[in-house]
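User: I would like to learn how to read the features of a structure, one at a time. Please give me the general idea, then the case at hand.

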Amino acid sequence: MATTMPDHGGLPHREDDRPWTDPALPTADRVEALLARLTLPEQVAQLSSTWEDIEADGPEVAPGSNHFGRVGDLDETARHGLGQFTRPYGTLPRPALEHARLLARHQQQVVAQSRFDIPAIAHDECLTGFTAYGATIYPTSLGMAATFDPALIRKVGEAIGSDMAEVGVHQGLSPVVDVIRDYRWGRCEETYGEDPYLVVELAEAYVTGLQSAGVYATLKHFAGYSASTGGRNHAPVHADRRELFDVILPPFERLVAAGVRSVMNSYADIDGEAPAASRWLLTEVLRDAWGFEGTVVSGYWSLPFLVNAHRVAADLPDAGALALRAGMDVELPDQRGFGTALVHAVEQGLVDEEFVDRAVRRVLRQKTELGLLDADWDPRPPCARENWTWTSRRTANSPTPWPGRAPFCCRTTEPCPSRPPAGSRSSARAPTTYAPCSAATASPTTSSPNATTSATVSRRSPCATPWLPNCPAWTGSSRRAARSVRPTAPVSRLRWRRPPGPTSPCWWSVTRPACSGSVPRARAVTWRTCGCPEELVEAVLATGRPVVLVVSSGRPYAVGRFASTAAAMVQVFLPGEEGGRAVAQLLAGEANFSGKLPV
């Protein structure tokens, strides 16, 4: 690892007077003591982030990642310190322990290049579980919402937060509290549904659970993102103040009162005003009216969008100045409008330095609360420390690890149980462990066995065949697949999937007596427009056998045409890695249906 010499601009690097490292002092005093010593470039560095694992020519792990690419190496991006690391686990598929050791080295470099040894906050995605190779995949938010069970969702938040905390992640970019009313919107699956009260109850449970593990939650997307015109992502929002305060804003207000620690802006402008540059939203409503004391972080590349999408900023320094004045504290996922551009904006008089001080206070307060400024802070995540590793191995190899979960970090290096006992809601699994039965994950890929699993439903053994890798798969004409369906076959099992590609595969498992299917995420409300073969469904239904149509999707679809011919239709949304087992038990009569539709 190449490390440059710290760039302290000729200023002294003192070790004898560091009151901000004393946890016995009040947080405000520690923050002010450190803030007073920081130069302008050092202050701005605390408002910036870097995405170390992003590859411009690699897979697009976030919309726009290939277009924007990396700003620079850590030697340059953390030359004066750093505010946040972006997705140190949720970018490349490394074993978690390797990620943890790499994160520790990056933290050590940031501290070495900072005149006052200030570490960075690490954030990652965690909507349906911690977005990391080998982590547990929970149902998508719509699936969680169908439980109408805040106590259960709090446990999910606690489990996700525990996974993140043990590998050194401090902030999770969840939950999404956008209220969804237009099902054409491409991110329906990320929401808790159409009712603001249900959204509030479940999101508060998730936030409480996540933050109880020491990981800060981030509300998304403030505000109105899901109300975009025509259901198009990033399209303008036309909403009057009554709709805002009756439908869109209540979940945010309630969760601010509940103590959420961070908020992320929306991408879609509201009546011509970009939220990333809206003082009314980020300061007057969020802070002055509701009393929010945490940090506002930008949606990925929201500051460049002020220049090239909203066209309200002339260039990046102007974008940085607009966002900072409005109430933005940290730019994610990197440093384009903040960083050097913001230093130039201050020097050119585009924004007063008092706004920089205001944002840095908020960032340093959270770093103090998280223990990052304590004298005994360890750059190694808990799972990368020797004693913890020894304990986790003992837990992983224990013959009866439940009801306690095997630690997440050990799952990448030690044998962990591939199946929990009856009644368990989640499994600790190594990266090679497949999701049992016909589980459709929240984001399946063609390289994962999770994406194309199937199972024969049996009343005696509802999960007798967890994975059938040799099951015939049709990647060509769905009509040809439909012609192969025969009502006289003793057991029909037919799977259809899309040709390999970056999107979620659409597959069908036709079993006796049930038929199950998974549809890919698409900006449409009918299967035909999203590429799924309705003629195949019709062919299966035309056999005359009792057929249960199981819809695993990220949104409600217009499937009413099949209601008169299917024996039953079951909506499971995207049920996570234990979804296949649950569906099998429901269809076999071993469990009762209890979900309620949130949309």
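User: What share of the contacts in the chain with a separation of 6 or more comes from residues 24 or more positions apart?

Analyst: Contact means heavy atoms within 4.5 Å. Here, residues 24 or more positions apart account for 70% of the contacts with a separation of 6 or more. Two notes on reading: this is a predicted model, where local features need pLDDT of at least 70 and side-chain atom pairs count only at pLDDT 80 or more, while totals for chains, interfaces and linings use all residues. Residues are numbered from 1 along each chain as its sequence is written, and side-chain values use heavy atoms, with hydrogens and water left out.

User: How many helices and strands does the chain have?

Analyst: Both are DSSP runs, numbered from the N terminus: helices are H or I with at least four residues, strands are E with at least two. This chain has 19 helices and 13 strands.

User: What percentage of the residues is buried?

Analyst: Buried means under 20% relative accessible area, exposed over 50%, and partly exposed in between, with a 1.4 Å probe and protein chains only. Of the 599 residues in the chain, 58% are buried. The chain exposes about 23900 Å² (Shrake-Rupley method, 1.4 Å probe). Carbon and sulfur atoms supply 51% of that area.

User: How do the axes of α13 and α14 cross?

Analyst: Axes are lines fitted to C-alpha atoms, for helices over the stretch in contact; angles run from 0 to 180 degrees between N-to-C directions. The axes of α13 (residues 316-326) and α14 (residues 340-347) come within 8 Å and cross at roughly 80 degrees. That makes the two helices roughly perpendicular. The classes are: under 35 degrees roughly parallel, over 145 roughly antiparallel, 65 to 115 roughly perpendicular, the rest oblique.

User: Which residues make the contact?

Analyst: From α13 come Leu 316, Pro 317, Gly 320, Ala 321 and Leu 324. From α14 come Ala 341, Leu 342 and Ala 345. They divide into seven nonpolar, one polar and no charged. Ala, Val, Leu, Ile, Met, Phe, Trp, Tyr, Cys and Pro count as nonpolar; Asp, Glu, Lys and Arg as charged; the others, Gly among them, as polar.

User: What do the buried residues of α1 pack against?

Analyst: In helix α1 (residues 27-35), the buried residues are Arg 30, Val 31, Ala 33, Leu 34 and Leu 35. They pack against α2 (40-45) and α15 (353-369).

User: Is Arg 18 buried or exposed?

Analyst: Arg 18 is found in the segment before α1. Its relative accessible area is 11%, so Arg 18 is buried. The side chain of Arg 18 reaches the backbone oxygen of Phe 116 at 3.4 Å.

User: How far apart are Cys 383 and Ala 96 in sequence and in space?

Analyst: They are 287 residues apart in sequence and 9.0 Å apart in space, C-alpha to C-alpha. Cys 383 lies in the loop between α15 and α16 (386-397). Cys 383 is buried, at 1% relative accessible area.

User: What should I look for in the backbone?

Analyst: Most residues other than glycine have a negative phi, and most peptide bonds are trans. In this model, the peptide bond from Lys 220 to His 221 is cis, with omega near -5 degrees. His 221 is found in strand β5 (residues 216-222). The bond from Leu 332 to Pro 333 is also cis, with omega near 5 degrees. Pro 333 is found in the loop between α13 and α14.

User: Where is Trp 301 found?

Analyst: Trp 301 is in the loop between β7 (295-297) and α12 (302-308). Its phi is positive, near 65 degrees. Trp 301 counts as buried, at 1% relative accessibility.

How values were computed
A polar contact is a pair of N or O atoms within 3.5 Å; within protein, one must be able to donate a hydrogen and the other to accept it, and residues adjacent in sequence count only if both atoms are side-chain atoms.
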